[in-house]
Amino acid sequence: MISRELRILFWVLCVHLAGIYLFTKGFLLTRLVLPDRGADTCTSLATHKRAVLLVIDALRFDFITEHPPEPASPFHHNILTLPRELTAAHPDRSFIFNAHSDPPTTTLQRLKGITTGSLPTFVDAGENFGGSSIHEDSIIHQLNAAGRKIALAGDDTWLTLFPDAFQPNMTFAFDSFNVEDLHTVDQGVIDNLLPLMRHHQNSWHLAIGHGLGVDHAGHRVGPDHPVLREKLEQMNTLLHDVVAAMDDDTLLIMLGDHGMDKMGNHGGDSILETMSALWIYSKVPLSLPGYTIPEAILPVITFPDTSIPHRHVQQIDLVPTISLLLGLPIPFNNLGTVIPELFNRDSEGSSLQKALEVNAVQIRRYLDSYRSSSSGKELDAAWHDFSLAWDGINAVDGNHRLIALDNFTRMALSACRVLWAQFNVLLMGAGLAVIGLSIVSSWALYSKLRDIAGVEWEKWVDDKVWWSFSAFAIGSALGCLTHTVLHEYLDGVAMHQTVLFAGAISSSFVMIGTTRPTITLKSIKSLPIFLILHTLCFASNSFTVWEDRIVLFFLISSIVPSVITGFTAPTSRLRYRILGFSVLFAICVRLMAMSTVCREEQHPYCTVTFYASESSSAPPLTALLLALPVAIAVPRVVQRVLKISKSNSGLAATFIPLLFAPSLIAGTMFWILEWVDSAQVLGDMGDILRVARTVLARTTVAVMLIGGLSVWWTSPVCLAISQSQASKASTQEKTEVTVLGFANAFGSPYLMFWLIFFNVVWLMTQLSGQIVLGLSSIALLSYLETIDSVRDVHSLNTTFTSPNAPTQLANTDQNHDLSFSEIVPLALLATHTYYSTGHQSTFSSIQWKSAFILGKTLSFPFSHISVAINTFGSLFLGALAVPLIVLWNLPPLPLSPSHPHPSALRAALAISLYFAVLAFGAAACGAVLRRHLMVWKIFAPRYLGAGFGLLVVDVGVLVGVGVGVGRVGGEIRRVFGKLRV
């Protein structure tokens with residue numbers, strides 16, 4: 001039977017999930033895709049019969065420019081030199097551009113952009129691991145419609161997007177997600193693209209080659225590494241061979257789908273991620289010197305740390321440009337503008353004018369169709385400006401007409417960028433209402449449970465579970481009816497969304513109404529100041545950017561009340577314990593803060609220490625030297641802390657040395673072997689090392705999740721029970737039972753449960769992060785000992801001032817000892833660990849290496865779960881540890897009326913409340929600041945982090961209270977027989 005604690009926490013999770021879903025659907029909208037197809041063919045502007053599209057994944061602009069940043073890197077600058085050499089020698093047929101890749105800078109989204117000419121939306125980033133095929137108009141669809149044949153060699157993402165577009169006998173696709181494989185895809189491009197060009201040129205009209213070696217090298221070792229130099233040299237050689245194999249009817253387009261940041265990652269919107277390389281080359285001239293193109297339509301941009309500006313285009317400008325050069329209709333949804341240099345073919349500029357006119361007419365037709373669609377009213381605000389710009393085209397001629405045409409197409413692009421940041425305020429408000437009411441209902445549960453004692457709490461919780469789920473069902477039915485009647489007024493709201501909102505709201509209202517919490521001045525004064533300040537930080541982009549430093553300050557400050565209590569402790573033993581463990585806690589927290597990963601906005605005031613350098617994903621030397629000693633030390637520290645309460649017996653005596661300690665070492669060895677492999681310390685032994693790592697990782701996971709959980713479930717207690725015969729004069733012999741570990745009978749077995757999951761998170765965390773996790777675990781144990789001693793001080797002070805001292809000593813009811821302020825440091829510690837293990841609220845900080853821990857290729861769902869554990873494992877561990885606040889050093893005393901379950905449930909509700917308030921604050925600030933310049937760069941990612949973090953915390957407390965506490969309580973009752981525990 002499912003425990004009542006599990007059911008009530010599952011209800012909390014469901015309400016949170018409903019609120020986050022509704023707000024997200026309103027905040028992160030996808031754009032409307034029109035199904036129309038472009039039909040206007042302009043063959044007079046065509047110059048080539050076929051084209052080669054060579055995508056070098058993550059090729060940043062400075063990798064090919066003649067003027068790289070100073071000082072130039074010997075690993076990625078001045079290496080891929082053929083484009084600039086041919087541009088210098090043949091400026092009329094070779095063109096280099098700094099192309100802007102619209103964020104999110106993930107491969108799948110960028111391929112959508114360079115084939116359809118449309119813009120991605122923020123939420124599209126999640127599709128990179130599992131995208132769907134493209135149904136809107138694109139160059140690929142236009143080629144197929146014209147009966148032209150397409151060949152492919154390289155990244156298999158193209159097959160995901162266009163599953164039936166390529167010729168079967170000319171399709172050579174390779175796995176795109178094996179980041180550790182730097183050569184297979186590139187070699188596949190070389191082995192298959194060049195023969196197609198040399199021996200089968202008449203068999204295809206578009207040959208796509210998509211290499212991944214540069215991208216994978218960036219992810220794995222960073223841009224400042226000899227491996228990247230080797231890959232760029234290989235690509236330069238490939239370009240030489242491709243140019244040699246071209247004929248006069250072939251156009252070459254080489255580009256990077258996006259750039260890479262200083263660490264070699266991508267996915268966000270930083271300058272280094274959005275500045276990609278673009279080179280277009282033809283063996284016949286494309287641009288004649290007889291006409292000077294107006295500078296107003298030739299924008300330039302300066303790459304960071306350089307002084308010479310360079311031609312700048314939008315990456316989607318490729319779509320109309322290639323379409324016209326190949327004699328194809330421009331895809332219907334395109335928003336790009338033709339690249340002027342490629343149509344400068346006469347002294348009057350008539351070819352360029354015609355290309356821009358065809359382009360402008362296509363965009364005007366798209367805007368007209370969009371306005372006629374169900375989402376057309378979104379264009380109303382900009383339509384007057386569109387009309388003026390369109391009318392202005394016919395009012396001028398010559399160069400002014402070219403400028404007017406370019407102005408119209410660029411205005412359309414800018415307006416649509418804003419358009420697809422439109423929000424469904426109704427859904428956003430619904431989501432905020434659900435999350436807000438979930439906070440009130442959780443607080444009501446948390447407060448009321450304090451006053452429920454004995455067996456009464458079980459019936460009370462059962463009633464609340466029944467009422468809440470019944471209200472959810474009734475509310476959902478009413479929501480269905482409401483939507484049927486009022487759907488005309490619920491613009492952009494689907495039936496299931498109305499049902500979800502009504503069910504969640506009804507359930508929350510019923511929970512609040514049946515609980516009837518009492519609001520007093522004391523309860524208002526007890527509101528945690530750190531939670532309030534933490535939430536208010538999200539109203540400022542600066543505070544959000546520096547949240548990692550703010551959390552550190554809050555965390556250190558949160559232990560100050562315990563230190564003050566330590567100075568006033570009535571006994572020296574308690575004084576030394578509180579002060580000593582508080583100092584140890586502070587030291588661990590400060591040492592954790594030495595591990596940093598910097599956001600782009602934090603430079604130059606932040607230095608990366610999680611990795612070897614800002615441009616490397618390798619671990620620093622300190623991590624290589626300290627990770628293994630920390631892995632050895634952590635089990636010893638755990639044993640030493642358990643020894644304080646003599647709880648290092650029973651399960652702990654075998655589990656820690658035989659399962660926990662070896663698994664930690666194995667997890668550390670995995671990442672050391674990964675470094676040995678990537679740094680090629682042992683030469684070319686990649687396959688052997690990969691197999692060794694896979695075996696190590698899978699064995700560790702199996703040992704802990706299967707072996708560890710089985711052993712723990714069979715006998716979780718950490719007790720040593722012995723019997724002896726005691727005799728006294730003039731009395732008969734009596735049996736004397738000694739129980740070692742009695743004082744921590746509940747806490748020590750639950751700690752073993754927590755260590756199982758700690759081990760899994762340890763494996764999924766890189767070396768620097770493992771050191772942080774080790775320090776975090778020591779900080780957790782220090783805090784548990786500190787808070788236990790603080791409670792002892794409060795208990796003694798109460799006893800000394802009470803007239804009923806014996807009664808006070810006997811009363812160990814833990815329900816009345818738990819306060820929200822005791823949960824706050826644990827929530828802050830979990831957040832601090834998140835930042836210190838190499839994470840930030842940015843896409844580029846996601847550690848994609850973790851997707852390949854259990855295997856060398858991407859596999860669903862294991863790769864996705866690995867990345868999730870790596871990213872949010874610290875929050876999960878924090879939530880899983882919260883019952884220890886109640887269980888630590890809690891003995892099963894027969895005279896105590898206490899039961900650990902309601903206190904553990906209150907602790908779970910408290911930490912869920914903390915992160916729910918953070919999620920509400922992040923969502924509310926994101927909604928209010930949705931027109932802020934930094935909404936997609938700062939506020940939206942932080943909201944996503946807060947939303948996912950809340951769900952992870954909810955799952956953590958579900959597992960902890962529903963499984964861990966329940967099993968520990970049941971086993972303790974069995975061991976101690978009829979004792980009431």
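This is a predicted model: local features need pLDDT of at least 70, side-chain atom pairs count only at pLDDT 80 or more; totals for chains, interfaces and linings use all residues.
Let's begin with a loop. Ser 270 lies in the stretch between strand β6 and helix α9, which covers 271–274. Is Ser 270 buried or exposed? Its relative accessible area is 8%, and the cut-off for buried is under 20%, so Ser 270 counts as buried. The side chain of Ser 270 makes a polar contact of 2.5 Å with the side chain of Glu 273. Leaving aside residues up to four places away in sequence, Ser 270 also touches Asp 261, Glu 600 and Lys 937.

Now step back to β6 itself, residues 250–255. Six of its six residues are buried, so the strand is largely enclosed by the rest of the structure. You can see that on both faces: Thr 250, Leu 252 and Met 254 are buried on one side, and Leu 251, Ile 253 and Leu 255 are buried on the other.

Which strands pair with β6? One is β1, residues 50–56, which pairs with β6 in the parallel sense over six bridges. Within that pairing, Leu 252 of β6 has Val 52 opposite. Another is β7, residues 275–282, which runs antiparallel to β6 and is joined to it by five bridges. There, Leu 255 has Leu 278 of β7 as its bridge partner.

Strand β1 turns up again in our next stop, helix α7, where it is part of the cover over the buried residues. This helix spans residues 213–221, and nine of the nine are buried, so α7 is largely enclosed by the rest of the structure. Among those buried residues are His 216, His 219 and Arg 220, along with Asp 215. Besides β1, the cover includes α6, β5, α8, α24 and α25. Just after the helix, Gly 222 has a positive phi of about 85 degrees.

Last, a helix pair. Helix α1, residues 4–27, packs against α32, residues 900–928, at an angle of about 5 degrees, with the axes 11 Å apart. That makes the two helices roughly parallel. From α1, the residues that meet α32 include Ile 8, Leu 9, Val 12 and Phe 23. On the α32 side, Leu 905, Ala 908 and Leu 909 are among the partners. What kinds of residues form this contact of α1 with α32? There are 11 nonpolar, four polar and one charged.

Thanks, everyone!

Technical notes
Residues are numbered from 1 along each chain as its sequence is written. Side-chain values use heavy atoms; hydrogens and water are left out. Buried means under 20% relative accessible area, exposed over 50%, partly exposed in between (1.4 Å probe, protein chains only). Helices (H or I, at least four residues) and strands (E, at least two) are DSSP runs, numbered from the N terminus. Two strands pair if DSSP finds at least two bridges between them. A polar contact is a pair of N or O atoms within 3.5 Å; within protein, one must be able to donate a hydrogen and the other to accept it, and residues adjacent in sequence count only if both atoms are side-chain atoms. Contact means heavy atoms within 4.5 Å. Axes are lines fitted to C-alpha atoms, for helices over the stretch in contact, and angles run from 0 to 180 degrees between N-to-C directions. Angles under 35 degrees count as roughly parallel, over 145 as roughly antiparallel, 65 to 115 as roughly perpendicular and the rest as oblique. Ala, Val, Leu, Ile, Met, Phe, Trp, Tyr, Cys and Pro count as nonpolar, Asp, Glu, Lys and Arg as charged, and the others, Gly among them, as polar.
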